[in-house]
Every structure is written in structure tokens, then in C-alpha cells.
Amino acid sequence: MPSNLLNQESAAMMVDGFSGRTCESEGQWNHIKKFLERSGPFTHPDFEPSTESLQFMLETCKILVIGAGGLGCELLKDLALSGFRNIQVVDMDTIDVSNLNRQFLFRSKDVGRPKANVAADFINNRIPGCCVVPHFKKIQDFDETFYRQFHIIVCGLDSIIARRWMNGMLLSLLVYEDGVLDPGSIIPLIDGGTEGFKGNARVILPGMSACVDCTLELYPPQVNFPMCTIASMPRLPEHCVEYVRMLLWPKEKPFGDGVVLDGDDPEHIQWVYQRSLERAAEFNITGVTYRLTQGVVKRIIPAVASTNAVIAAACATEVFKIATNAYIPLNNYMVFNDVDGLYTYAFEAERKENCSACSQVPLDLNFCPCSKLQEVLDYFTDSASLQMKSPAITATVEGKNKTLYLQSVASIEQRTRPNLSKTLKELGLSDGQELAVADVTTPQTMLFRLCFTT
């Protein structure tokens, strides 16, 4: 065969190398047995070689993968080929053409179909004995009973809000007896994240190690444009999209009162896209596309396939360590950077005693009695350690549960909006008063204690 044809054939095999079906053989897990049936210089001090660990992986261990995108596809592949057969995957997205360059479980014929379903079918067909159960839903659609069934949960998400919600769910599952944490209620969370050529992998033991909210400052800040530029002097296509998102959407209410712009709703994005084109035409700005519009609305950071592969491999390795207890897991945060060369660094993120998510006591809010409720609301949203999105604030006033402000329901928002201009004293709040705050970043209601300052 001519060399050029041989190279073409080899390239085709590499591109589609994961699409053929593997036959289960007697020695399929020999590579895993080498780790689990003999000791070594790097094994856990308490590890005892046996055949039971492999059987636990193959038959018992239940893994939940959150996300079936760039990281999720890599995770599902790595976990399935490592011997984990009982896997469930949750993803609310459908496949777009732009996904195909890196989310290798998908093909052109799959565009428009749910990512979770296609990814599960691919893995199940490719790896005999593996059972991946898909869920084309939001993580918020499941209750505690669903999450409690898993031994380990792995996140491959591109949303900090979703990470924080998952973090809050696992914290809500913890059981304390006389103030002492029951280790049996801990479900380890392995979290991976990528940003271009940078990434991180971390191991979270809820209630024991630093949680997601303990380290919010480590996440990259969102890019915000000055309002004066957006409203008066747009120069970039992003300015046009932000104008529509921030000003036109709440003004025109294209889908009704109280409807929040959903970056995953094609109709919403299409509306923003068309208005952004009109805005761009007014100022002779080019470059507004549907994909750019969705990227700005969802704060999407361009993904790199190689970074996804590295971080997913690191996460899958940590799952293997914890499931088998064969090796000491990461403690507890690893960063990866291959912008200039290759750089990795591991460190221990420390747990915050005053973390709003994992601390066991209400956090203090230091405000003057003459402070307005708007100032408290701004603190919840602007504080680097809280970063709430749409907090709903309630309190017990004169023996009655009172909603001070709620943004997500239009009728209640309109009724409670005047409270924002009132002082804490005018609202009947007192020193030591507890405020209950709900937000989309967590399934739990967070408690804060007012501490009046002079």
C-alpha cells in the first residue's frame, strides 16, 4: 500500500478508534489486577492486596458522572475502561455541531439529541458488561434519595452555580450525631474543571475537607463590561449581546413577566441573537453570531480537547484510588497549565471555619440598624466568599415568617421590592436576628445572624 494511503488509513483509525466494539476476554482486567492484587512502594499503608477490590469495582461500586460534555465524555470513557460498570450520567444539554471537535462520543447524526443518552449508548455498545444509565435532566430535578445511592460523584461541569449546588446537596446528606460527623454519610466529590489550556482536579470529602464554597476565590472572575460602554459606546460584538441581555431583555420581557433568560433555551438565545444583530448594525459592528451570543450569555470559555483529556484522567485516577483504597488520594487540589510548557502543582485547600455552605453555625452579618436591605442584598451577591445569584431573604418577625425579598417570582418581587429601600430597623429586625437565605447556588437554606454595629 502506498505510504500516503497508509497514513490516511491510520489517521482515520485514530479519529474513529473508539467506535469499534471490544469483545470481553478472560484477561480483560489483568492490568487492573496488577494494581489491586499486589502491593508496591506507592500503595496505601492500610492496603491489603486481594481480589475483592476488583469485584467491588465491577459489581458494586456506583458512580455518578455530572455532565456529558468535553470533560464528561472523557470521564465516561476513562471510568468504563478502568473497570467501573455501574455508572449513571446526568446532563441537561443536547448535542450541537460545535461539540463534535472535542466531545468524541458524538457524531454528526447525533446533533440535536440529548448528550447523556448518546454518550450512554456509545459506552454501553463499546464496552461489554458496562451499564451507563443516562438522565436527560437538570441536577436540581433529583432529590436526596437519588444522590444517596452513589459511592462517588464526579463532576465535569462548566458552571460554577451547578458545582455549588452539587456541593450543597452532598453537604445536606451528612449525618451528625451529637455534633460528630458520621463517616458513613460522606459521599466523596471529585471535581474537574478546564479553562482553555488550564485545568484543575480536586477531591472533596464533604464535612471534612474544603468544599467548593470554601474556595470560591479560586474560580476565575466573570468578564464584565462597563455599563456606559454597553449602553452608549459599543465597540465589540460582545457589547451588543450584553446590551440585549442586560437592558432589552428585562425591558421588553419577550417571554413574559418573570421569565429569566435561559442560556440553554434555543428560543431565548435566538431572540437575543436577532436583537444583538440589530444593535450591531446601528453601530456598524461586525462579528455577532449565534455561537458568540450563546457564549456571552452562558459565559462559555473555549475548551481544548487535550486539557479535557488530562483533567478527566486525573479525576478518574482519584475515583480509582478512593474506590479501591489502594493508593492515597489527592490532598486535595491539583492545578494544570500547559500554556507555556507543562506545569502541575498540588496543594491542600484549607477548609473555612466561616464557610456559608459547610460550617455548622449561622454566619454573622455585621450591619448598622440604619443599613438598608439593599445593602444586605448587595453583600450576598458581591461578596467574594458568597457570590450568590438571586438570593431570597426571609426572617421571623413578630412570630411570623416574613419574606423580605424574593426575586425569582415576579409577583412576589414586585410586592417585596419596596423593602429594599427600608432600613433593617424599619423592617422590624433586631440584633441577633436570624435571616434565612435561599439561592440557586445551593439546595440548602443558609442561615445568617444579624450583628448590629454602632
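In the predicted model, strand 1 (residues 62-66) and strand 2 run parallel and are joined by 5 bridges. Within this pairing, Ile66 has Val90 of strand 2 as its bridge partner. Strand 2 itself spans residues 86-90 and is mostly covered, with 4 of its 5 residues buried.

Strand 2 also pairs with strand 3 (residues 131-135), again through 5 bridges and with the two strands running parallel. In this pairing, the bridge partner of Gln88 is Val133 of strand 3. Helix 5 (residues 115-126) belongs, together with strand 2 and strand 3, to a right-handed β-α-β unit.

These strands belong to an open sheet of 8 strands, arranged in the order 3-2-1-4-7-8-9-10 with mixed pairing. From one strand to the next, the twist averages 15°. Strands of a sheet pair through backbone hydrogen bonds, in either a parallel or an antiparallel sense. The antiparallel sense is represented here by strand 7 (residues 189-195) and strand 8 (residues 198-204), which pair over 7 bridges. In this pair, Leu189 stands opposite Ile204 of strand 8.

Helix 7 (residues 160-172) packs on this sheet, where it touches strand 1, strand 4 (152-156), strand 7 and strand 8. The direction of helix 7 makes about 170° with that of strand 7. Helix 12 (residues 305-324) likewise packs on the sheet, in contact with strand 1, strand 4, strand 7, strand 8 and strand 9 (333-337). For helix 12, the angle with the direction of strand 7 is also about 170°.

Another open sheet consists of 5 strands in the order 11-15-14-12-13, and its pairing is mixed. Strand 11 (363-367) and strand 13 (400-405) stand at its edges; because each has a single partner strand, one side of each lacks a neighbour in the sheet. The twist in this sheet averages 35° from one strand to the next. Strand 11 pairs with strand 15 (residues 442-452) in the parallel sense, over 5 bridges, and the bridge partner of Phe367 in strand 15 is Phe452. Helix 13 (residues 373-382) packs on the sheet and touches strand 11, strand 12 (392-397), strand 13, strand 14 (434-439) and strand 15. The direction of helix 13 makes about 135° with that of strand 11.

Within strand 15, Thr442 was examined individually. The relative accessibility of Thr442 is 12%, and this residue therefore counts as buried, the cut-off being under 20%. The side chain of Thr442 reaches the backbone nitrogen of Gln444 at 3.1 Å. When neighbours within four places in sequence are left aside, the contacts of Thr442 are with Arg164, Trp165 and Gly168.

How values were computed. Residues numbered from 1 in each chain as written. Predicted model: local features only at pLDDT ≥ 70, side-chain atom pairs only at ≥ 80, totals over all residues. Heavy atoms only, no water. Buried < 20%, exposed > 50% of the residue type's maximum accessible area, 1.4 Å probe, protein only. Pairing = 2+ DSSP bridges. Right-handed = clockwise from strand over helix to strand, strands pointing away. Axes fitted to C-alpha atoms, helices over the stretch in contact; angles between N-to-C directions. Contact = heavy atoms within 4.5 Å. Polar contact = N/O pair within 3.5 Å; in protein donor to acceptor, adjacent residues only side chain to side chain.
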